[in-house]
Amino acid sequence: MSTDDRVRLARIALGCLVEPGRKDVFELVTVDGPEAALDRLCAGDAAASEAVRSRLAGADPWELARRHLATTERVGARLLTPEDDEWPGARLADLARISRPTVSGGTAVDRDTFPPQCLWVRGALPLAATVARSVAIVGARASTPYGDHVAAELSYGLARKGYAVVSGGAFGIDAAAHRGALAAGGPTIAVLACGVDRAYPMGHAGLLEQISEAGLVLSEWPPGSEPLRFRFLIRNRVIAALTQGTVMVEAAARSGSRQTLHRALQLGRAAMAVPGQVTSAASVGCHEELRKPEVLPVANVAHVLEEVGRIGADLAPPVLGPERPEDQLDEVEHRLMDAVPAHRPMLCGDIARIAGIPVRVALAKLPALVTKGLLEERGGAYRLPAQRADRR
């Protein structure tokens with residue numbers, strides 16, 4: 001067996017025997033390499049050894065890795081490790097920077113944020129190239145029609161602009177995001193908290209199959225792994241790390257998507273949220289996050305592109321109302337228009353007096369306003385046209 005094969009098998013074993021992101025395991029691999037780190041863990045010479053022995057149950061870790069590799073091929077998936085060309089190393093390496101010590105009030109999820117040892121993938125697209133231009137769209141499972149519409153519109157527009165849409169494959173906003181990208185014919189990536197061969201939720205079996213055909217389905221856990229509750233929190237860091245920014249579309253106060261947004265902030269990625277109705281419980285989380293100056297409100301694709309696109313090039317155009325004839329008037333003309341009564345004619349001298357404009361200036365300006373259709377003139381007196389008078 002070549003050294004490369006042994007490194008690959010060692011990473012598979014590590015990915016199966018310990019939960020992803022563990023700080024101690026990552027540091028052990030960094031210092032000793034994957035093979036030696038696996039040997040030390042199996043020999044009881046590391047903090048995670050007890051958990052490893054419990055999962056190993058006396059089996060040979062190398063044989064376990066071979067079985068998982070065979071299972072991976074059998075379910076139509078493939079395995080990626082940091083040694084592969086399509087491994088998004090620059091993006092995932094940032095995860096090592098956001099670990100927080102548990103002694104300062106953090107939890108194990110806050111501490112164990114390190115890059116995965118390997119990834120299981122379904123789909124033919126190269127991972128690193130696909131996430132090079134990508135945005136995460138996350139949010140509530142119990143979404144409203146408003147949230148579904150916004151998520152789908154954002155995803156459709158981003159996909160049309162050449163961005164991959166990354167989400168978690170769940171009900172609600174995740175599903176709307178994936179479907180929006182698929183409708184645009186663009187790539188989308190579902191990052192799961194279970195094996196890539198598991199349809200979770202079951203109702204998304206067809207959707208996940210579509211995603212694997214047009215994009216990618218990936219996971220840090222081997223095929224057959226259960227979608228345990230704590231794994232969703234572990235998974236969220238990968239969604240944030242793979243992408244250039246995260247957009248949260250609807251989130252309740254305790255939504256897990258808020259954690260994904262927090263990870264994006266910690267990683268220095270763009271963190272965005274879509275405002276909703278202030279009376280909607282489904283948008284409470286978005287509004288709380290938007291109170292932070294570093295979280296940006298977005299309402300359309302142009303807003304998102306301004307944050308993740310090319311500096312100075314992908315700027316959102318200003319929102320302007322329809323152009324009106326009054327927009328071309330100078331300050332004196334505006335003052336004359338304001339001085340004309342709504343429902344009765346007035347002589348030039350009276351209009352000039354009310355506007356505070358010299359009569360000679362008014363005599364020069366008022367006929368021009370008539371020509372533009374903004375005033376009517378009868379017998380030397382001026383009035384607003386009926387349709388304008390009714391709008392006052």
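What follows is a short exchange about strands, helices and cysteines in this predicted model.

Author: Residues are numbered from 1 along each chain as its sequence is written, and side-chain values use heavy atoms, with hydrogens and water left out. Because the model is predicted, local features need pLDDT of at least 70 and side-chain atom pairs count only at pLDDT 80 or more, while totals for chains, interfaces and linings use all residues.

Reader: Why is C348 called buried?

Author: Buried means under 20% relative accessible area, exposed over 50%, and partly exposed in between (1.4 Å probe, protein chains only). C348 has 9% relative accessibility, so C348 counts as buried.

Reader: What makes C42 partly exposed?

Author: Its relative accessible area is 24%. That value lies between the cut-offs of 20% and 50%, so the term is partly exposed.

Reader: What makes residues 164-167 a strand, and which of them are buried?

Author: Strands are DSSP runs of E, at least two residues; helices are runs of H or I, at least four; both are numbered from the N terminus. Residues 164-167 are strand β4. A164 and V166 are buried on one side, V165 and S167 on the other. Both faces of β4 are covered.

Reader: How do you know that β4 pairs with β3 and with β5?

Author: Two strands pair if DSSP finds at least two bridges between them. Three bridges join β3 (residues 134-139) to β4, so the two strands pair, and they run parallel. β4 and β5 (residues 188-192) also pair in the parallel sense, over three bridges.

Reader: Why is the unit of β3, helix α9 and β4 called right-handed?

Author: Point the strands away from you. A crossover is right-handed if the path from the first strand over the helix to the second then runs clockwise. β3, α9 (residues 145-160) and β4 make such a right-handed β-α-β unit. The chain then crosses from β4 through helix α10 (residues 173-183) to β5, and this crossover is right-handed.

Reader: What makes β10 and β11 edge strands?

Author: Three strands form an open sheet in the order β10-β12-β11, with antiparallel pairing. β10 (346-347) and β11 (376-378) each have a single partner strand, so one side of each lacks a neighbour in the sheet. Three bridges join β11 to β12 (residues 381-383). In one of them, E377 has Y382 as its partner.

Reader: How do you know that the buried residues of helix α4 line one face?

Author: In α4 (residues 49-56), S49, V52 and L56 are buried. Their arc is taken from the directions from the helix axis to the C-beta atoms. They fall within an arc of 60 degrees, so they line one face. The face turned away carries the exposed residues E50 and S54.

Reader: What covers the buried residues of α4?

Author: The cover includes α1 (3-17), α3 (34-43) and α5 (61-74). Contact here means heavy atoms within 4.5 Å.

Reader: Which residues of α3 are buried, and what do they pack against?

Author: P34, A37, L38 and L41 are buried. They fall within an arc of 100 degrees, so they line one face of α3. They pack against α1, α2 (23-32), α4 and α5.
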